[in-house]
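This report goes through selected features of the structure shown below.

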Amino acid sequence: MVELMKLNKRQAQAMTTVQAEQRGQYLAFSLGGETFAMDIRSVKEVIQFTALTEVPLMPTFIRGVINLRGAVVPVIDLSIRFGRTFTEVTRRTCIVILEVGSSEETCVLGIMVDNVSEVLDIGERDIEPAPAFGSNLRSEFIAGVGKVNGKFVILLDVNRVLSVEEMASLTAETPAGK
Amino acid sequence: MLTIQEAKHNGHPVLKLGGELTIYTAAEARSTLGERLDRKGALPELDLSGLEELDTAGVQVLLWLKREALARNKVLPFANHSPAVVDVFDLLKVAAVFGDPILISPSR
Amino acid sequence: MDLDKAKQTFIIEAHELLGAMEESLLAVEGQADPAESVNAMFRAVHTIKGSAGLFGLDAIVHFSHTVETALDRVRSHQLILSGPLVSLVLECHDHLSSMIDGLQQGDAESPDSHAEGEALISRLLPYLEGHPGAESPAGSALATRAKGTPPEPERGSWHISARFGPDVLRNGMDPLSFVRFLGTLGRIVHLSPILESLPQGPDFDPETCYLGYELDLETDADRQTLEDVFEFVRDDSQIRLIPPHSKVEEYVQLIRELPEEDRQLGEILVAGGSITAKDLEQCLQLQRAEAYEGGRVQGRLLGTILIEEQAVPPPVIAAALDKQKKFQERQAHDLKVVKVQADKLDKLVDLVGELVIAGATAKVLAALSRDGRMLESTAVINNLVEEIRDTALGLRMVQIGETFNRFRRIVRDVSKEMGKTIELEIHGAETELDKSIVEKLNDPLMHIVRNSIDHGIEPMEVRRARGKSDTGTLVLNASHESGSILIEVSDDGGGLNRTKILAKALERGLIAEGATLSDQEACSLIFEPGFSTADAISNLSGRGVGMDVVRRNIDELRGNIEIDTEEGLGTTIRIRLPLTLAIIDGFRVGAGNASYVIPLDMVLECLDLGPFLESEEHHLINLRGEVLPFLRLREIFQIPGEPPSRERVVVVEYGDLRAGIVVDKLYGEFQTVIKPLGNLFRQVKGIGGSTILGSGDVALILDVPQLIQSAAAVTR
């Protein structure tokens with residue numbers, strides 16, 4: 001496993017606090033040709049795609065689990081979660097390790113993405129609310145739309161996308177849960 | 001938590017102590033108040049009305065301050081002893097040791 | 001130095017003491033010689049009162065004082081511990097317990113709590129002042145006083161000299177609180193603070209204690225009680241107690257031994273009323289004379305003086321020796337038990353888990369290296385790791401007896417409330433289970449026990465009519481079975497009424513009209529939500545919230561629950577739980593291109609499927625005459641691809657159920673750590689966790705009980 005980027009959470013928070021109210025940092029990545037970004041504060045690290053162990057009878061968006069330095073971390077295919085196709089594994093495929101949840105209960109998960117590009121610096125003023133239509137993504141998954149260098153980047157609400165509650169209930173509906 | 005407020009009463013400097021003067025705040029009290037001892041001029045009056053808690057460590061600091069003032073030929077009066085302070089002074093019978101007049105308000 | 005931490009310790013220890021007190025109270029009614037139990041409960045209250053005094057918790061001191069006095073009377077045979085008194089003291093115990101709980105929110109006593117306490121105290125008063133018929137002929141000083149006799153003549157006061165050690169404040173104590181507490185034991189006639197040793201200038205350390213005092217206390221308390229007040233500072237401080245009416249020489253001796261000026265001390269003693277000025281003068285002169293006699297200092301040890309003057313009565317000495325002996329015994333016992341914080345234990349187990357995995361990896365690499373010495377070395381290491389693992393896991397185990405014992409109180413209270421007499425029998429209290437399981441078992445067991453008492457065991461008249469003994473019996477039993485733990489709750493009550501159950505189920509639309517159900521199926525109906533055949537909803541159970549929640553709790557522990565009942569004879573509820581240890585011995589198997597792990601202690605044997613296959617259609621194997629169901633991992637987990645021509649079967653056992661698990665490959669035994677899969681996978685049936693193999697790959701741990709149950713279900 002090669003670590004492409006390991007962001008110390010504190011550093012990430014410090015970086016964002018320095019730029020306090022105005023600017024936020026977002027990790028941009030591509031999925032099925034589209035560019036998305038997520039708040040860097042949820043990101044723990046990014047690793048190259050590695051051997052996955054499949055867990056039987058899971059909904060397809062749960063690709064399996066990996067061994068992350070002794071911890072067993074589930075990996076989710078974001079593309080399938082968004083109702084699109086299976087993510088093909090290439091040498092640029094990455095797993096972004098995130099920590100999601102509330103202050104009482106956090107959970108470590110990984111998401112599979114086609115590749116990770118850069119960290120974007122986006123000011124509050126450059127973020128517009130999610131469009132009511134036009135995106136084929138569920139609206140609650142979108143935290144906003146950011147404008148960077150004239151282009152638009154969809155900012156994901158990671159806690160909604162990876163809501164353990166929702167995913168667990170979807171799991172219950174598969175043959176495994178019956 | 002110990003608070004020390006500077007004030008003036010009839011032109012005299014007053015230091016109002018508030019909160020707790022206990023083992024937790026004794027060191028702080030000793031250094032902050034001890035430092036005042038060496039300043040030029042008359043020492044302020046220590047207003048104890050805001051003290052809600054006092055323990056042995058607190059009593060010791062107060063006594064030390066009194067004696068240090070005396071050693072410098074100065075006077076450090078205590079005034080407006082709060083009920084908590086009166087209670088402890090009474091229990092340990094140290095009022096006489098300090099020598100300040102303690103006003104017992106009608107409600108007691 | 002953390003006063004809050006000290007207070008937390010007080011709260012924890014107070015609860016332990018209260019637990020011991022309750023146990024003694026419950027045990028005492030059946031005992032021929034209750035002396036031991038009475039002592040135990042007295043000591044508990046006494047210690048709580050003392051400790052509370054140190055923290056200045058006046059409300060607790062005040063309340064426990066009365067309880068202690070009553071128990072003291074019992075202890076000295078002035079009062080008999082009758083049934084009503086036991087119940088009253090139990091109520092006092094409960095009140096104390098809630099006062100201690102209230103400390104978590106702050107020290108102040110709520111007005112309600114105060115009123116409750118006062119009510120209990122007034123109910124205790126008759127026992128203190130003498131109760132006709134409950135007292136033995138030897139009266140007590142308190143009793144005589146209450147009858148209106150004139151107060152006893154001047155008792156004189158104890159003189160207490162205290163010079164506190166420098167670290168007393170740092171250790172969380174405060175001389176002030178001793179004074180307050182002594183004030184509750186009697187009247188402080190005189191007190192002189194000693195602040196001579198307070199240094200001037202920079203030498204003054206605000207956290208060092210320089211305070212001492214000389215005080216005189218008028219009290220009925222005995223020497224032990226007074227000594228106990230200073231128990232926690234004894235070692236660092238000089239505390240001297242001189243009983244009332246002691247000879248002058250003793251006070252003079254004290255003066256000599258204390259560092260301050262003789263005259264000053266003398267004046268203090270005179271002021272306190274211990275000696276007269278004239279006596280003092282005489283003695284001081286005598287002392288000086290003695291001192292110069294022949295250039296040697298002659299003096300007598302205070303202790304010697306005391307004994308010679310017979311100031312310490314013989315029973316007190318005997319008690320002192322006794323106390324010393326008990327203290328030594330307790331020290332020896334304390335060495336056998338160490339309190340450990342739960343999170344430290346968890347951390348240790350985690351680390352041992354990592355060690356196990358690392359050991360496995362090393363073993364794999366050693367094998368690849370083909371270095372003989374390396375192989376041997378890793379083998380030695382792995383053996384040691386296994387021992388450490390077993391020991392560490394053993395630390396997490398607690399005896400179920402603790403949980404069972406809590407039910408004694410409940411059975412007592414509830415049966416009294418129901419007007420029934422029920423005896424509780426406990427078997428298998430030493431059975432150990434993982435501490436996390438024990439905590440979660442409490443609620444379901446509670447409900448089952450209440451059910452038994454409320455609905456199971458019949459009222460006395462009914463029992464008599466049925467020719468049963470008046471006293472009902474409730475049995476709690478725990479034992480180990482292969483890979484699991486079995487807990488049974490049995491009663492000799494009326495059993496479950498099948499007709500009633502079926503009627504209720506019909507009413508609720510749970511079964512169809514005319515449906516035929518086996519006994520087991522009928523009984524299982526009571527696990528449906530909202531089910532209750534109780535005619536009258538009693539205070540405790542019968543609200544219909546019960547058994548479905550119980551089953552859910554057991555499910556969460558990955559266990560199962562079954563009912564065995566016979567009308568008129570009684571009911572037994574059996575709960576089976578897997579022994580979930582963090583580190584297990586596993587047996588690794590393969591299906592498709594993944595590995596799975598089966599807990600080794602559930603594995604009976606491994607075979608080739610071929611020779612033992614009985615029926616593919618019905619999924620049965622024939623194991624030397626025994627026909628068992630099997631399931632194929634490939635099928636259950638919908639693994640794509642064709643199975644190999646030669647399949648294997650692992651025969652597993654859980655409780656009294658057996659089944660075969662058909663897999664592609666058998667790999668062998670190995671030790672591993674269970675890594676939980678997290679909430680996401682909670683719903684998956686058949687997988688109980690994951691683990692990391694020596695190669696770094698993740699393998700899934702099979703939940704054998706669940707698999708067996710589904711295999712059995714399929715066959716049916």
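C:His159 is buried, because its relative accessibility is 0%. The model is a predicted one. C:His159 belongs to strand β1 of chain C, which covers residues 158-163. Its side chain makes a polar contact of 2.9 Å with the side chain of C:Asp216.

C:Ser415 sits in helix α16 of chain C, residues 401-418. C:Ser415 also counts as buried, because its relative accessibility of 4% is under 20%. Apart from residues up to four places away in sequence, C:Ser415 touches C:Ile410, C:Lys420, C:Ile422 and C:Ile453.

## A residue of chain C that touches chain A

C:Ile636 is placed in helix α23 of chain C, residues 633-636. With a relative accessibility of 24%, C:Ile636 counts as partly exposed. Once neighbours within four places in sequence are left aside, C:Ile636 is in contact with A:Leu57, C:Leu631 and C:Leu707.

C:Ile636 and C:Gly686 are separated by 50 residues in sequence, while their C-alpha atoms are 8.6 Å apart in space.

## Chain A as a whole

Chain A contains four helices and 12 strands. Of its 178 residues, 48% are buried. The accessible surface of chain A is about 9,200 Å², and carbon and sulfur atoms account for 49% of that surface.

Contacts in chain A between residues at least 6 apart in sequence can be sorted by separation: 57% of them join residues at least 24 apart.

## The interface of chains B and C

The size of an interface is often given as the accessible area lost when the parts come together. For chain B and chain C the buried area is about 2,100 Å², with 66% of it on carbon and sulfur atoms. On the side of chain B, the residues that lose the most area to chain C are B:Ile23, B:Gln60 and B:Leu91, which together make up 28% of what that side buries. The contact involves 22 residues from chain B and 26 residues from chain C.

Between chain B and chain C there are 10 residue pairs in polar contact, counting pairs with both residues at pLDDT 80 or more. On the side of chain B that touches chain C, the elements giving two or more residues are α1 (26-37), α2 (56-71) and α3 (83-92) of chain B. Helix α2 of chain B gives the most, with nine residues. By class, this side of chain B has 14 nonpolar, two polar and six charged residues. One salt bridge is counted between the two chains. Here the side chains of C:Arg180 and B:Asp87 meet at 2.9 Å, N to O.

## Salt bridges within chains

Over all chains, the structure holds 38 salt bridges. In chain A, the side chains of A:Arg41 and A:Asp39 form a salt bridge at 2.9 Å, N to O. A:Arg41 is partly exposed, with a relative accessible area of 41%, and A:Asp39 is partly exposed at 21% relative accessibility.

In chain C, a salt bridge joins the side chains of C:Arg574 and C:Asp564 at 3.4 Å, N to O. C:Arg574 is in strand β11 (residues 570-578) and C:Asp564 in strand β10 (residues 560-566), 10 residues apart. The side chains of C:Arg632 and C:Glu647 form another salt bridge, at 2.8 Å, N to O. C:Arg632 lies in strand β17 (residues 626-632) and C:Glu647 in the loop between α23 and β18 (648-654); C:Arg632 and C:Glu647 are both buried. A network of salt bridges links C:Glu458, C:Arg463, C:Arg466, C:Lys468 and C:Asp492.

Terms used:
Residues are numbered from 1 along each chain as its sequence is written. Chains are lettered from A and ligands numbered from 1 in the order in which they are written. This is a predicted model: local features need pLDDT of at least 70, side-chain atom pairs count only at pLDDT 80 or more; totals for chains, interfaces and linings use all residues. Side-chain values use heavy atoms; hydrogens and water are left out. Contact means heavy atoms within 4.5 Å. Buried area is the accessible area (1.4 Å probe) that two parts lose on being put together, summed over both. A salt bridge is a side-chain nitrogen of Lys or Arg within 4 Å of a carboxyl oxygen of Asp or Glu. A polar contact is a pair of N or O atoms within 3.5 Å; within protein, one must be able to donate a hydrogen and the other to accept it, and residues adjacent in sequence count only if both atoms are side-chain atoms. Ala, Val, Leu, Ile, Met, Phe, Trp, Tyr, Cys and Pro count as nonpolar, Asp, Glu, Lys and Arg as charged, and the others, Gly among them, as polar. Buried means under 20% relative accessible area, exposed over 50%, partly exposed in between (1.4 Å probe, protein chains only). Accessible areas come from the Shrake-Rupley method with a 1.4 Å probe; for residues, only the protein chains shown count as cover.
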